[in-house]
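Colleague: I am new to this structure. Could you take me through the terms as we go?

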Amino acid sequence: MALSADSMRCGEFRTSYKADTTIFPTPRSRNFALAGLLALLVAPFIFDSYVVSLLIQIGYYAIAALGLNILVGSTGQISIGHGAFFGVGAFGSAWLSNSFGIPVILAIPLAGVMASAVGLVAGIPALRIKGLYLAIATLAAQFILEDIFSRAVWFTGGPAGSMASEPSIFGYIFNSDQSYFYIVLFFLVVMFLAGANMLRSRDGRAFVAVRDHYLSAEIMGINLAKYRVLSFGVAAFYAGIGGALFAHYLGYVSAESFTLMLSIQLLGMIIIGGLGSVMGTLLGVTFMVLLPEVMDMAVGAVGDVIPGLAEGSSYLKQMAIGLAIVLFLIFEPDGLAHRWKQIKAYWKLYPFSY
Amino acid sequence: MTHKLNVCVGLAAFIGSVTIAMAAETIPVGQLVDYTGPTADISTPYGHAVQDSIGYINDNGGIDGRKIELKTSDYSYQVPRAIATYKSWVSGFKPVLIQGWGTGDTEALSGFVAKDKIVYMSASYSGHLTDPTGKSPHTKRPAPYNFFYGPTYSDGCRALIEWAKGDWAKKGGEGAPAFVHMGDNHPMPEAPRAACESYAKDLGFEVLPPIRYSMAPGDFKSQCLSLKQSGADYAFMGNTTGSNISLLNSCDTVGVDETQFMTMVWGFDENVVKSAGEATDGIVWPVGSALWDSEAPGMNLIHEIMAENGRTGETLHYIRGVCSAFYMRDAMTMAAAKGDITGPTIKAAFETMTNHVPTELEGVCLPHSWTHENHRGTVNIRVYQSHWNNGDNTFEFLTMVELPRRDDWLGW
């Protein structure tokens, strides 16, 4: 068996299935994750508002992207309607908290449930079709939902959009970036742990079986229909939670935020991060969120030398996103997660590269 | 190579620190533009005009000796990007006034700027932004910190309806003329629709169901066929120049001859004439300032600012951008005379203006009046008509409509 970064160190052995299927592969990786979480807990006190707002963006996109990764990476289906589910969560949360007075902190999970219901309906084509045809069916869901967003005045406020209020718990209003960061962090940790846990559970193994060889999975007794649609439901739930967090962060939701471009961006995030990998999702989202900012800084720095560049900076940002996806597909198709594993393996197994 | 990089980084840091040091005395003003989105063709002259004017103001003494520090952000007409930019400004740059652009983002931000007390001068003339205290029954949300230079979209449409009523009588039309509102399902075209259709009904028009056409240019032959079949006598195009060009071309191809086209302030300019040619013959629309052929003394300043910045062949929206910047200058000067330049003091300065025109722009900008309870700056609308004349296009001044200052016309 080839050595790799995930190989166990000498003297480590597992004596039960439970020990073998831990969320974190080694105690060291678990400790690093905990240290990272502690660092994030103090981040708002150290960094300024701009960095915190970037972290919040990474947070809600990561939740939505994890949903898509479960659908695409783990279950092997394809969806280019994920942005619309994100929108259902955003509008749903705003609608629930405005129309029914439900506290925002409860409206967010309820919006996830609403998005999940929509996702289950949108996933019905998955029962019969796969691959490119399923992609078109989800594209149809994207367009239909987009149109509903711009016309359903009772739900979304029509073209004018709707306002989303800030969350408040026991009278404390989370209206600054720093305080809202903790809400996003809470949901991020919960959803990621839930996602990682699901992937190691029976349902998660069923998803992977459907992806790897659906015929064998069916023969083994896995209900293909149930797991294909369930995957859509779970993905939409994640997207709904991400969307609700987005809505209450911005304070305003409008239909033009949830276009096909967002769906492609979410797909790009998980492709860059690594399909089927939970950690990869986080890496990919971080990359995609920081890319426009880095491009801004780079263009700003180079723009003093080449004057014309500053005017075209928003074009350059758009181009950079597309270029990043293409370059990753060519040079690193397994994503940043795989590249990170290679880096770990290099250091661990030096001087042997295999 | 590394040495050069170090030098560049060091230089950038030095320049950055000097800028930060200078920022203490400047007046921070934010500007939102759409240079890369669907309304780029009209935002470019307007945005340039505001930038050029602020440069001119800075070069000529600034405001009470203080220079305006302008930060421009291109949000591509995507409202969430505008809101994200606004939020980052509020926490860092802290502008006292924002020169905004589009209806969607201005209406969305009206609540935010009211809370943060930042004056918002938009290029959106939506009627929804005209009620600062919310006293009109039609007002969805009070907008105390919103101001704009120009007649509201609703007032522009009402003025066109009045002109159309007179035109129908002059043409000897029988019965009730039919009016149709055309526009995208989007805040800007939607803004005047309710007010306009209601006023048309009041004046005896038959109001037909609205026709939707996208704000992005495209093929609108099916909409033109619907227009032809509906038999509308007067059609109001609510979108901006880009999509209007496509609509006029499509309708010319389909052969819509019986309908008089009217449009709004942002819907027509020299570029539309250039692109749609003969299809633009006879279009009627409101103009919010003097035109290029005006001999008013204020045009000298416009030409001077354009020459300083190397601008040629600008559309008529450039003039309104200069007007907007100079009204801002006047309000800031009035605020500085009474004390400090902050959002609330600029708002108070605006609300003292009665029939105000910046001195250097006499005859170019329309007189504007704002009060604490009424942000409908002007109710005088100059209606123009475009004549193709086989390529020798002219804009003919038809009439000046003065609309009443009705309290129930605020806010929509």
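Modeller: Let us begin with pairing. Two strands pair if DSSP finds at least two bridges between them. Helices (H or I, at least four residues) and strands (E, at least two) are DSSP runs, numbered from the N terminus. In chain B, 5 strands form an open sheet in the order β2-β1-β3-β4-β5, with parallel pairing. This is a predicted model: local features need pLDDT of at least 70, side-chain atom pairs count only at pLDDT 80 or more, and totals for chains, interfaces and linings use all residues. Residues are numbered from 1 along each chain as its sequence is written, while chains are lettered from A and ligands numbered from 1 in the order in which they are written.

Colleague: What makes β2 and β5 of chain B stand at the edges?

Modeller: Each has a single partner strand. One side of β2 (68-74) and of β5 (146-147) is therefore left without a neighbour in the sheet.

Colleague: How do you know that β3 and β4 of chain B pair?

Modeller: Count the bridges. Strand β3(B) (residues 97-99) and strand β4(B) (residues 119-121) share 3 bridges, in the parallel sense. The requirement is at least two, so they pair. Leu97(B) stands opposite Val119(B) in β4(B).

Colleague: Which strands of the sheet does helix α2 of chain B touch?

Modeller: Helix α2(B) (residues 40-59) touches β1 (27-33), β2 and β3 of chain B. Its direction makes about 165° with that of β2(B). Axes are lines fitted to C-alpha atoms, for helices over the stretch in contact, and angles run from 0 to 180 degrees between N-to-C directions. Helix α4(B) (residues 103-116) lies across β1, β4 and β5 of chain B, at about 165° to β4(B).

Colleague: Which strands run antiparallel in chain B?

Modeller: Strand β11(B) (residues 284-287) and strand β12(B) (residues 380-387) do, joined by 4 bridges. Val284(B) stands opposite Gln385(B) in β12(B). Strand β12(B) also pairs with strand β13(B) (residues 394-402), in the antiparallel sense over 8 bridges. There His387(B) stands opposite Thr394(B). The hairpin of β12(B) and β13(B) has 6 residues between the strands, and Asn389(B) takes a positive phi near 50°.

Colleague: Why are α12 and α13 of chain B called roughly perpendicular?

Modeller: Helix α12(B) (residues 317-338) and helix α13(B) (residues 343-350) cross at roughly 110°, with axes that come within 8 Å. Angles under 35 degrees count as roughly parallel, over 145 as roughly antiparallel, 65 to 115 as roughly perpendicular and the rest as oblique. The two helices are therefore roughly perpendicular to each other. The crossing of α12(B) and α13(B) is right-handed. (A crossing is left-handed if the near helix is turned anticlockwise from the far one by less than a right angle, and right-handed if clockwise.)

Colleague: What makes the contact of α12(B) with α13(B)?

Modeller: Among its residues are Ala331(B) and Met332(B) of α12(B), and Ile346(B) and Phe350(B) of α13(B). Two residues are in contact if their C-beta atoms, placed from the backbone, lie within 7 Å. By class, this contact has 7 nonpolar, 1 polar and 1 charged residues. (Ala, Val, Leu, Ile, Met, Phe, Trp, Tyr, Cys and Pro count as nonpolar, Asp, Glu, Lys and Arg as charged, and the others, Gly among them, as polar.)

Colleague: How do you know that α4 of chain A is roughly parallel to α6 of chain A?

Modeller: Helix α4(A) (residues 82-99) and helix α6(A) (residues 131-151) pack at about 30°, with axes 8 Å apart. That makes them roughly parallel. Their crossing is left-handed. The contact includes Gly83(A) and Phe91(A) of α4(A), and Leu145(A) and Phe149(A) of α6(A).

Colleague: Why is α12 of chain A called roughly parallel to α16 of chain A?

Modeller: Helix α12(A) (residues 260-273) and helix α16(A) (residues 335-349) pack at about 15°, with axes 3 Å apart. That makes α12(A) roughly parallel to α16(A). The contact divides into 4 nonpolar, 2 polar and no charged residues.

Colleague: How many residues of chain A are in contact with chain B?

Modeller: 17 residues of chain A are in contact with 19 residues of chain B. The largest share of chain A's side, 3 residues, comes from α3(A).
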